[in-house]
Amino acid sequence: MSSLPSSPLFSSLRRKPPGSEGQYNWITGGVDVVPEQIELPLPPLDDAILPDDGSVILLATENGSQLFVAGFGLFIGKKSERVVVKQGKSVCAQVPLMRLQEIIIASRGISLSSDLVEELCERGIRIAFLNSSGKPLALITSPMLTATVETRRAQLTACQSDRGADLCRWIVAGKLHNQEKLLRYFAKSRDGEKKSALESSAVALRRLRRSALATEGATPDEVRPGLMGLEGTGGRLYWKQVGNMLPDALGFAGRSHQGATDAVNAALNYGYGILTSHVWGAVMNAGLEPFAGFLHVERSGKPSLVLDLMEEFRQPVVDRPILSWLNKGGQLVLQKGMLDAASKESVASRVLLRLVAEEQHRGKQHQVRSIIQMQARLAASAVRGLRAYRSYSFKW
């Protein structure tokens, strides 16, 4: 079982002995993967009961919760107004439906009842399925949440117009900007040559961002080659600095998207999988077609628009927490080329913590997962010509 993430947020929480041998897991504003009860200033959630083996984790905030389930042989159903998780005939977890926003199923061998699916769809609660590498397999939600024909028609039209070209520019510019900001963030805690190298690469990324916004073209097809070249150059700069920054013992030799053989890439891919499921849900809720992208070319089974809109969130949601943790001595273990259960738990906890963290946006504090939804709706407005799309820039 992994320990609590070492961050000021967690250290500021005052713990108290568990009420029932550590079976309660209360979390707010953060992720605690060790089942225990934490005294919080918020009103207590209804009596959610969780197991002490980490197979079911409740990621709770004052606005709602995500239920993360990973354990072979578990069954998820409903009883009255509660989600019930069973191992055999024994009930190992209960969570009130009124507190849930999403259920994430993250391992094989988990079954669920059709009654639960119906209830979740009626309440607008998504069910996301991830494979052992964190890649989204499926997303169950009500089809009525995406019944927006006008937006989808406008999206398909934008794929051949300047609206789509402008989206492409801002998608790449947003990614480059957040790569720059993350390198500057890491440079703050370093000195000497490492600090200079990080800052120098950050300056180069800023120049690439300006070039991205100045890329000429009237359609996505016209701007895509130039933008992909800038993105590739930025990626090489960014990942080279990440490799120089990480401990040599981790064996990180560069970014590997598929078939990763080292633990760092496996952890990043797992984190990106969790992020993908959130962006995918936001895209569907905004009435957009997940498979009709602008920057990423269309291919059967490839959620191109989801990949487009997640670019600006990779660095603040996944890279920052995982790389920071590894730099502070975080440990990852590979078994048969895949992260072991404890490593997956550590990665998931940190990514999900970032998703429920609050950031400044449009003059107010919003959870990052809410900002993702706001950006998806902004993209829907942009393809309809109602508002210009602007990528979200995280402030560190």
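This is a predicted model: local features need pLDDT of at least 70, side-chain atom pairs count only at pLDDT 80 or more; totals for chains, interfaces and linings use all residues.
The expected span of a helix is 1.5 Å times one less than its number of residues. Helix 6 covers residues 220-245, which is 26 residues. From its first C-alpha to its last it reaches 35 Å, close to the 38 Å expected at 1.5 Å a residue. There is also a bend in helix 6, of about 25 degrees, at Gly 226.

Now look at how helices pack. Two packed helices are described by the angle between their axes and the distance between the axes.

Start with helix 4 and helix 6. Their axes come within 10 Å and cross at roughly 10 degrees. Angles under 35 degrees count as roughly parallel, so helix 4 is roughly parallel to helix 6. Helix 4 brings Gly 164, Ala 165, Cys 168, Arg 169, Val 172 and Lys 175 to the contact, among others. From helix 6 come residues including Pro 220, Val 223, Leu 227, Leu 230 and Glu 231. By class, this contact has 13 nonpolar, 5 polar and 3 charged residues.

An α-helix has 3.6 residues a turn, so residues three or four places apart point the same way. Look for that spacing as you read each list of contacts.

Helix 4 also meets helix 9. Helix 4 spans residues 162-187, and helix 9 spans residues 314-327. They pack at an angle of about 25 degrees, with their axes 11 Å apart. That angle makes helix 4 roughly parallel to helix 9. The crossing is right-handed. On helix 4, the contact uses Lys 175, Asn 178, Gln 179, Leu 182, Tyr 185 and Phe 186. On helix 9, it uses Gln 315, Pro 316, Asp 319, Arg 320, Leu 323, Ser 324 and Asn 327. These residues divide into 5 nonpolar, 5 polar and 3 charged.

Helix 9 has another partner, helix 7, made of residues 263-285. Here the packing angle is about 145 degrees, and the axes lie 10 Å apart. Helix 7 passes helix 9 in a right-handed crossing. Val 264, Ala 267, Leu 268, Gly 271, Tyr 272 and Leu 275 make the contact from helix 7. Arg 314, Val 317, Val 318, Asp 319, Ile 322 and Leu 326 make it from helix 9. The classes here are 9 nonpolar, 1 polar and 2 charged residues.

Definitions and conventions:
Residues are numbered from 1 along each chain as its sequence is written. Side-chain values use heavy atoms; hydrogens and water are left out. Axes are lines fitted to C-alpha atoms, for helices over the stretch in contact, and angles run from 0 to 180 degrees between N-to-C directions. Helices (H or I, at least four residues) and strands (E, at least two) are DSSP runs, numbered from the N terminus. Angles under 35 degrees count as roughly parallel, over 145 as roughly antiparallel, 65 to 115 as roughly perpendicular and the rest as oblique. A crossing is left-handed if the near helix is turned anticlockwise from the far one by less than a right angle, and right-handed if clockwise. Contact means heavy atoms within 4.5 Å. Ala, Val, Leu, Ile, Met, Phe, Trp, Tyr, Cys and Pro count as nonpolar, Asp, Glu, Lys and Arg as charged, and the others, Gly among them, as polar. The bend at a residue is the angle between axes fitted to the seven residues ending there and the seven starting there.
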